[in-house]
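Hello,

Here is the structure I promised to pass on. Have a look at it first, and then read my notes below.

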Amino acid sequence: MPSLFDPLTLRSLTLPNRIWMAPMCQYSAPATGPTAGRPTDWHFQHYGARAAGGAGLILLEATAVAPEGRISPWDLGLWNDGQTAALRRITSFLTSQGTVPGIQLAHAGRKASCEAPWRGGKAIAPADGGWQPAGPSPVPFDADSPVPHELTADEIQGVVRQFAEATRRALEAGFEVVEIHGAHGYLIGEFLSPHSNHRADEYGGSFENRARFALEVVEAVRAVWPEEKPLFFRISATDWLDEGGWTADDTVRLAPLLKERGVDLLDASTGGNVAKVAIPVGPGYQVPFAARVRNEAGLPSAAVGLLTEPEQAEKVLANGEADAVLLGRELLRDAAWPRRAARELGGTVRVPQQYGRS
């Protein structure tokens, strides 16, 4: 079985190890003006530190394919060429450190136009600098959220094109991996789940109809993204509802359809589409979902969720539960976690020569 420190080849790309950084929003881009959505020095040092720390792949945070697709006004974006140019500084540095640069492309759907978490995370009204969010159905996320605009079929196709255009810009910006964000109750996940999708047209109702938008986005992205470069898809493998939501069985059913359309790895998270749902959070609590995708659907997977200790992460791979691990908050606490894991487990990750004496 693979180790955390073994390379992984997907298509023509070889990732140097299997310790990867999960997308985590920084809510630190300019909100307005000509530099809106562009990375800042904060983003450069944040991602650069994790590259110097030995991560094999860094997936930049949810990056909006359109201004109205931002979770907050301070999200990164890839809807114009100025943003493309600004991101090249980051991809160039990550590559120089032997880290593969990746990016997560996203549309927040009905969960758009919110404050940053440290400002409370509440919805921002249009009068206060926000905008009306959109979704598959006019169903708000919770009692404190606005009713989203129900996207028309033509508007849905417009979003599909926005994902394709953002993918083209991601290629120009120097990224080697694109991940489509279909998780955490954002737009694609909203279409997948019957909890948030109450449509009666070709995008709602049956499993096939609810999956249509996700598959159209994958096809549009894959048509732009080079054949030799891998494509990831992040999913919330369950809504954690007893009934009326997206389930782990649905995820296993969807995975082969994604694979047929050119997805190379499923990033298996959970939750985010239902407010105040009970989630049995604990160490490695989402790993079984990655294992089901890998072993039942035959699609490579990455595990995420309270993976904090090197031995714990190593066992996920040794047990055949995933092909890689994605670290989130643990990499916020310790940018050099891969180097610590290598010391503890007797593995090897790249160390910048400037840090060799350490």
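Helix α5 (residues 207-224) and helix α6 (residues 248-260) have axes that come within 11 Å and cross at roughly 40°. Axes are lines fitted to C-alpha atoms, over the stretch in contact for helices, with angles from 0 to 180 degrees between N-to-C directions. Helices are DSSP runs (H or I, at least four residues), numbered from the N terminus.

This is a predicted model, where local features need pLDDT of at least 70 and side-chain atom pairs count only at pLDDT 80 or more, while totals for chains, interfaces and linings use all residues. Residues are numbered from 1 along each chain as its sequence is written, and side-chain values use heavy atoms, leaving out hydrogens and water.

Setting aside neighbours within four places in sequence, leucine 254 is in contact (heavy atoms within 4.5 Å) with Leu192, Phe207, Ala211, Leu215, Ile235 and Trp246.

Further along, the axes of helix α8 (residues 310-318) and helix α10 (residues 337-345) come within 9 Å and cross at roughly 80°. That makes α8 roughly perpendicular to α10. On the α8 side, Pro310, Glu311, Ala313 and Glu314 make the contact, and they meet Trp337, Arg340, Ala341, Glu344 and Leu345 of α10.

Enjoy exploring!

Definitions and conventions:
Helices (H or I, at least four residues) and strands (E, at least two) are DSSP runs, numbered from the N terminus. Angles under 35 degrees count as roughly parallel, over 145 as roughly antiparallel, 65 to 115 as roughly perpendicular and the rest as oblique.
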